[in-house]
Amino acid sequence: MKHAIKIMALLALSACLGIACSSKEKPSAAKPEVASLKNAEQAGAKHKNDSAEAEKQNREEAAKQFCEQFSVEDLLRLLNHAGEPEAEKSGMSLLFDDSVDDEEEEGLSYSVVAYGRNVEKGKKLDLGYQIVSTSAHSCYFTLNVDTSTNPRLYFANQEDANHFFQRASSAKRFSYDGETYTIQKKADSNCIDIMIPWVEDELQTKYSIHPPKLDNGFYEIWVEVYV
């Protein structure tokens, strides 16, 4: 009888050990806290990407709005005050002011000053720097001086350039720096003359704005200076 009880006890112990082993070998489900952490990381990454995209869209919208509001008066600030603090009231910041002496003709030098919005300096050129756009709605202004004065206004976006030219052509008479300016559009050349009083009721042209044209990835508006 005792022998039978021992055998039954051994069988029961073996069964318990078998159950314990099989429960250890069975793969466990993923811990809830690990899954929650992974979901939180994914949500955080998505939020970060969404925030970066929203910030980028806001920058582009601000850049577009600046181009839409840039006026003839702002252009005059750059034309009349390049190299002075007044020029930055146009909304563009000074990029560089560079000059170089002529190697062949003594006493002759060349200079360029540049202002821009949503652009940055690129590689150094013989005179000045390459200008690189950082937005789809960037713009900049350069004033080259050698034997003559050559200002140019550039827009990265064609519509921005065209809209500025249209706004300039429809501008009314206005005063700036104690001078009265009158805008007249030439029918023969499609240029826009910025004129000031001369003698009696006559006017003389001070600047002439030429229509935009594509040049090295930017839409260039040449401003002709009359002496």
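Me: To start, how many helices and strands are there in the protein chain?
Reply: The protein chain has four helices and twelve strands, where helices (H or I, at least four residues) and strands (E, at least two) are DSSP runs numbered from the N terminus. This is a predicted model, in which local features need pLDDT of at least 70 and side-chain atom pairs count only at pLDDT 80 or more, while totals for chains, interfaces and linings use all residues. Residues are numbered from 1 along each chain as its sequence is written, and side-chain values use heavy atoms, with hydrogens and water left out.

Me: What share of the residues counts as buried?
Reply: Of the 227 residues in the protein chain, 30% are buried, with buried meaning under 20% relative accessible area, exposed over 50% and partly exposed in between (1.4 Å probe, protein chains only).

Me: Which residues touch the most other members of the largest nonpolar core?
Reply: That core has 33 residues, and those touching the most other members are Phe70, Leu75, Met92, Phe141, Leu153, Phe155 and Ile209; a nonpolar core here is a set of buried Ala, Val, Leu, Ile, Met, Phe, Trp, Tyr and Cys residues joined through side-chain atoms within 4.5 Å. Helix α3 (residues 72–81) supplies the largest share of this core, five residues. There is also a second, separate core of nine residues, including Leu95 and Tyr154.

Me: And what does Phe70 contact, leaving aside neighbours within four places in sequence?
Reply: With those neighbours set aside, Phe70 is in contact (heavy atoms within 4.5 Å) with Leu75, Leu78, Ser90, Met92, Leu153, Phe164 and Arg167.

Me: Switching to Pro151, is that residue buried or exposed?
Reply: Pro151 is buried, with a relative accessible area of 1%, and it lies in strand β6 (residues 149–155). Not counting residues up to four places away in sequence, Pro151 touches several residues, among them Leu79, Phe141 and Trp222. Pro151 and Trp222 are 71 residues apart in sequence, yet their C-alpha atoms are 6.5 Å apart in space.

Me: Which way does phi go at Asn190, positive or negative?
Reply: Asn190 has a positive phi of about 65 degrees, although it is not a glycine. Most residues other than glycine have a negative phi. Asn190 sits in the loop between β8 (179–185) and β9 (192–197) and is partly exposed, at a relative accessible area of 34%.

Me: What about phi at Asn216?
Reply: Asn216 also has a positive phi, near 55 degrees, and is found in the loop between β11 (213–215) and β12 (218–225). Asn216 is exposed, with a relative accessible area of 73%.
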